[in-house]
Amino acid sequence: MTLRSQDWYGGEGRDPYIHRAWMRRGIPADAFNGKRPQIAIANTAGDLVPCNLHLNEVAQYVKNGVYEAGGIPVEIPVMGLGETLVKPTAMLWRNLAAMQVEEMLRANPVDAVVLLGGCDKTIPALLMGAASVDIPAVVVPGGPMLNGHFRGALMGCGTGVWQLSEEVRAGTLSEAEFERSETSMIRSKGHCNTMGTASTMGIMAEALGMTIPGLAGTPAADSRLLEASHATGRLAVELVAENRTVSKVITKESFHNAIVALAAIGGSTNAVVHLLAIAGRLGIDLTLDDFDRVGANVPLLVNLQPAGEYLMEDLFRAGGVLAVFDQVKDLFDPAAQTVMGAPLVDFLGAHPVWDRDVISLREDPLQDDAGIAVLRGNLATRGAIIKPAAATPELLVHRGRAVVFDSIEDFHARIDDPDLDVDADSVLVLRGCGPKGYPGMPEVANLPLPPKLLKQGVRDMVRVCDGRMSGTAYGTVVLHVSPEAAAGGTLALVRDGDIISLDVPNRLIEVELSDEELALRKPPFRETGSFANAARGWQKLYIDHVQGADTGADLDFLVGASGAKVTRESH
């Protein structure tokens, strides 16, 4: 076969000369003779992406594997998205990072790519970009940090923040103790050690067939991550020889398996919007309804925070991701492939569970029906989602009067007011936090509760929002309400005192108002005036072109693929 990179390096004349000459710099001449594939390493490491800092070390082991297999590794830096740092939200730049990956892979002489990601948005962005250019690709998830401990108990990063900050607001934990917990929570390299979005998306990459089986969930500090990174470098060279492109690995059947896995692990709700976006890049017809249809009756098997007790290091020692997959093997689609050139199910069936407190057996699950529930009704005509595994069972069927916040600033200004007209049965409503409205759909939907209720012992309430929540968060939270308020959704019309009805078993979320009453209402200026209104730059492009959460919140002109072909020369 003729390598794609030979379109740059092969032949005679000025242009191939330029391409080869500027790349030599100590590289042997046979690197450009058309027999050694050029393997890109798309690396999202950066000093402002603390969860991905160690990926530079991982990249070196990938390079070693590429060299060993006869390839030439070339590292490509990818914009890092540090979930805990960037404002207004890392989700605002997921599509931009995906665009960068796509454009740089297409524009450069590379034959395959190894995708190095960890922090929440990096693996989704890498997969979206690689899918749109559709060359051979494989993922190395950066892996979770080691377990944290505080006051003698496990402390999950993210989840511990939400728990302890509420205790401060309730007056049961001092600010000094809260600050002391910081160094206890983050004790090694790696991403969040809960079943948050980072851990979930690493496992989703494996369920989609895009990793060496058994790699996802390997702790960042474990030397076996480096061993697998070396093996992945070797595999990337094989992918070129077999022309095993992304579209040949990820199919509709792959998403079926990912949805089953998402339910079994109790994964992050953010996986829904990311999987929809990845499918959109591949032209695969994946919808919100597929998440309910495939995942609704899948049992929860993994006892990890925020829906359980343990952390990712415990999952790894208890048997790892493949032990979980073994338990639901019969629910997987046997046709779904992997980067190994064989179906995912071929790698299952011989992975014991070593700790049944961490990984439950199929016949004794933590919860019978754990999949993401998709809600519809006049409040979410294009859908909303909720994670029953992280909710309070008694609140999954609930009626209460709305307490409405028109923006996150409005919420922060009033939630601590002791005179706020709210009780334990109220439904907290936050709007203006969707893809267009914020912009970027931030992780704010798991709203802190009013202090006066916390002091009464209340620890959960029904909350409704057109934004997202952290995968490390928990509670009875209705998320991703579509259409969002800024796109004309009914959420924009809700007023204080309106009755909101939630019925998760029947998949309903409604405001108890007639169509005639809703037609007469207009959103108040204090709401519409808070919507994002950028004049220039990426934010303007994003607001003008972003689609709804129900389809993955990608930009309309990025859906689909353009392939790997470049038709014009550079000189």
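This note goes through a sheet, a helix and some aromatic pairs in a predicted model.

1. The sheet. Four strands form an open sheet in the order β2-β1-β3-β4, and their pairing is parallel. Two of these strands, β2 (72-77) and β4 (137-141), are the edge strands, each pairing on one side only. On average, neighbouring strands of this sheet are turned by 20° against each other, direction ignored. For a reader new to sheets: strands pair through backbone hydrogen bonds, and the pairing is either parallel or antiparallel.

2. Strand β1 covers residues 38-43 and runs parallel to β2, with six bridges joining the two.

3. Helix α5, residues 122-133, lies across β1, β3 and β4. Strand β3 covers residues 112-117, and the helix runs at about 165° to this strand.

4. Aromatic pairs. How many aromatic pairs are there? The count comes to four. Phe325 and Phe332 make up one of them, with an edge-to-face arrangement, 5.3 Å centre to centre and 80° between the planes. Phe325 and Phe332 are both buried.

5. A further pair. Phe405 and Phe411 also form an aromatic pair, edge-to-face, with 5.0 Å centre to centre and 80° between the planes. Are these two residues, Phe405 and Phe411, buried or exposed? Phe405 is buried, and Phe411 is buried as well. The angle of 80° between the planes of Phe405 and Phe411 is over 60 degrees, so the pair counts as edge-to-face.

Terms used: Residues are numbered from 1 along each chain as its sequence is written. This is a predicted model: local features need pLDDT of at least 70, side-chain atom pairs count only at pLDDT 80 or more; totals for chains, interfaces and linings use all residues. Side-chain values use heavy atoms; hydrogens and water are left out. Two strands pair if DSSP finds at least two bridges between them. Axes are lines fitted to C-alpha atoms, for helices over the stretch in contact, and angles run from 0 to 180 degrees between N-to-C directions. Contact means heavy atoms within 4.5 Å. Rings of Phe, Tyr and Trp (its six-membered ring) pair if their centres lie within 6.5 Å; planes under 30 degrees apart count as stacked, over 60 as edge-to-face and the rest as tilted. Buried means under 20% relative accessible area, exposed over 50%, partly exposed in between (1.4 Å probe, protein chains only).
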